[in-house]
Amino acid sequence: MYRSMGLLIFRHLKVNIRQPIWIFFNLVQPLVWLVLFSQLFSGLTSIPGFPAKNYVQYLTPGIIVMTCLFSAGYSGIGILQDMERKLIDKLIVASVNRISVVLARSITNCILVLFQVTVLISISYLFGFRLTVNVFSILLIYVIVFFTSFLIGTLSNYIAIVSQRQEALVFMANFITLPLLFLSSAMMPKNFSPEWIQIATKFNPINLAVESIRNLAISQFNTMQLVVTLVIFTFLSSIFITLSCVKLKKIYE
Amino acid sequence: MIEINELTKTYRNGCKALNRINITIGQGEIYGLLGPNGAGKSTTLKVLATLLLPTSGSVIINGLDIKRDTKKIRNIIGCVFQDTIVDENFTGYENLYLHGALCGVKKNELKQRIDWVSDVLELKECLPNKVNFYSGGMKRKLDIAVALINNPQILYLDEPTLGLDPNIRRKLWEYIKQIQKQNNMSVIITTHYLEEADFLCNRISIIDKGKIVVTGTPGELKKEVEGDLVEIILYSEDIEGIKEKEEEIVRSFNEKLSMKNIEFTDNSILVYCNSFENDIVNILSAISLFDFRPKSFIKSSCSLDDVFIKYTGRHLK
C-alpha cells in the first residue's frame, strides 16, 4: 500500500511540476489576500483590546489557514478527473487499493500547500510579519498546516466522490470553506464579533488551526491546544477517508 | 482458461446488463464479443477485470474465483479500456515505468519489459517524448504497451481500435496477433468492427440485450448465412423513382426468387439470395418490371455483418 501510495504521490507531484502555472495561481491568490486585507483592516490595530500592534502579524496565520482551505478545498477535482478519465479503473486493475488512491491525492495536496505556505511566510516578512526563530515551533506550524490541508483535502475528496460533478464540488468547496474562514479569528479577534459568531467560532475546528499557528508564530506553546487540534483533525480526516473508500467501493460494485 | 457460468449483472438502477451468460475461453485463444452499444460487452469485460461484482453466477479465471481471488486475478490480467488512459504530461517511458511499478514489477525486470513492449509495438523511438506530442494511434499503442507491462496471461481489449484510421487499425491488429502468439496469451476483445473480429478472433460471440445469441468461429457463423449478396447499382436519374416504388419492388422480388432479404441504399438495391448464378435471371426479370436499368451488379459472399443482422435484426456498423 505504501509503495503504490508513494508512486501515486510522485506521479501527482510530477504532473503539478510540469504544469507550474497552477502552482503559480494557487500561490498568487493568498498573496493578493495578504496585501488586500492587510491594507483594508490595518486600522483595526488602533481599536483598544486588539491583540497585536501590527495587523500583518495578526493576519498572516489567518492567511496561512486560508491557503490550506482554498488549495485543499479543490483537491477533489483531481480525484474527479481521475474518475472521469477512468484512471481509477486502471489503478484498481493494477492492484492499487482505494485507500492509496484517496490518500495519495490528499497528501500531494498537503505537500503543495506546504510549499505555498513557505513562499507566503517569506513574502509576508516584507510586510512586517515576524516569526520567532525557533525550529520546533516552525516545525509545529508546518505540522498544523499539513493536518489542516489534509482534513480539508479529505473532505473535498469525499464530496467529489459522492457528487461526481465538478460544479457540485466547486459549489460545496465555497459553501464550506468561506463560512469556516469567517467563523474563525483569521481576520479579526473573537471578542470583536457578535456573540453568536463567537459561539460558532468555538466549535469551528479551523479556528483551532488559526489560533495554534498564531501562538506558535510567537513561540507560545499551548500543548493542550495543539493536541486537541491534531486529534480532532485526525479523527475527522479518518472519517472522510473511510467514507470515501466505502463510496468508491460501492461505485465499483 | 476462463469459465463464465450463468453470469448475471444487474445495476443498482435495476438495469439488467448481463443475463445468464455462459462462455468458456481457452488458453491462447482470441475471443471476440460483438454487439451494439448497450449490449453488455463492456460490462462483461468490467466483471472479468474485477471492476464490477457479478450479481449472480460464477467466473473462474485460470482456476481463480473472481469473487474470492480478486487480487490474484489482477496480477495476471492486462486491460485496455475503451478510452485511452495515458498521462499526457509524461513521456512514453515514464508512463510504462510508473504503471509497471504500480503493478509491482521489479526494477530489473521492468526495464526488460519496457524494452520488450516498446520493441514489439515499435514505440522505441518515441518513448523519450512527452505523450501530448503523440498521434491518436501512438497513444493507443502506448496504452496497449502499458497493459502488457506486467506480462499478463490474459489481455482484455475494450474496442481497441475505435476512432482510429483504417491503416493504424490494421497495424494494431497485427501487433495484437503477434503479441498473442509470442506469449500464448488469451485475449478477449470487444468490438464494433466486424472485420476486426473476423481478422483477429478464433471464436466470436454475438451479444445483444445482455444475452449471448450465438457463438462460433467466424467461419462457422458465416456458414449460417450462406448465400450471396448482390448489389444492384442504379443510374442517378432512376434513384428517385425507386424510392417511391420500394414496396412494389420488394413484392416483385419475392414473387420471382426465394431471396432472404432486400435493402435499399442511397444508390443501390442489396439483394441477399441463395446463389447469384441461379438467381441472376430471376433478379433481371424482377427488375425488368420497372422502368429503370441497372448500371452494374456487384456480387459478394455474405459477411459477419449478415450474421449479425440474422441474430439481432439490425446493422452493427
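This is a predicted model: local features need pLDDT of at least 70, side-chain atom pairs count only at pLDDT 80 or more; totals for chains, interfaces and linings use all residues.
## The nonpolar cores

Let's start on the inside. The largest nonpolar core has 137 residues. Which of them touch the most other members? On chain A they are A:Val65, A:Leu69 and A:Ile213, and on chain B they are B:Ala145, B:Tyr156 and B:Ile188.

Take A:Ile213 as an example. Setting aside neighbours within four places in sequence, A:Ile213 is in contact with A:Pro61, A:Ile64, A:Val65, A:Ile141 and A:Ile144. There's also a second, separate core, this one of ten residues, and B:Leu229, B:Val230, B:Leu234 and B:Ile269 are among them.

Zoom in on β1 (residues 2-10) of chain B: six bridges join β1 to β2(B), and the two run antiparallel. If you want to find a bridge yourself, look at B:Ile4, whose partner in β2(B) is B:Ile23.

## Two helices that cross

Two packed helices are described by the angle between their axes and the distance between the axes. In chain A, helix α1 (residues 2-17) packs with helix α6 (residues 98-126) at about 45°, and their axes are 9 Å apart. That angle makes α1(A) oblique to α6(A). The crossing of α1(A) past α6(A) is right-handed.

Which residues meet here? From α1(A) they include A:Met5, A:Leu8 and A:Ile9, while those from α6(A) include A:Val101, A:Ala104 and A:Ile107.

## Where the chains touch

How many residues does each chain put into the contact? Chain B brings 20 residues and chain A brings 19 residues. On the chain B side, α2 (70-76), β6 (77-80) and α3 (92-102) each supply at least two residues. The biggest giver on that side is α3(B), with four residues.

## A loop residue to look up

Finally, find B:Glu29 in the loop between β2 and β3 (30-34) of chain B. Is B:Glu29 buried or partly exposed? B:Glu29 is partly exposed, because 18 other C-beta atoms lie within 10 Å, and a buried residue would need 20 or more.

Leaving aside neighbours within four places in sequence, B:Glu29 is in contact with B:Ser186, B:Asn202 and B:Arg203. B:Gln180 is 151 residues away along the chain, yet the C-alpha atoms of B:Glu29 and B:Gln180 are separated by 8.4 Å.

Notes: Residues are numbered from 1 along each chain as its sequence is written. Chains are lettered from A and ligands numbered from 1 in the order in which they are written. A nonpolar core is a set of buried Ala, Val, Leu, Ile, Met, Phe, Trp, Tyr and Cys residues joined through C-beta atoms within 7 Å. A residue is buried if 20 or more other C-beta atoms lie within 10 Å of its own, exposed if 12 or fewer, and partly exposed in between; C-beta atoms are placed from the backbone. Two residues are in contact if their C-beta atoms, placed from the backbone, lie within 7 Å. Two strands pair if DSSP finds at least two bridges between them. Axes are lines fitted to C-alpha atoms, for helices over the stretch in contact, and angles run from 0 to 180 degrees between N-to-C directions. Angles under 35 degrees count as roughly parallel, over 145 as roughly antiparallel, 65 to 115 as roughly perpendicular and the rest as oblique. A crossing is left-handed if the near helix is turned anticlockwise from the far one by less than a right angle, and right-handed if clockwise.
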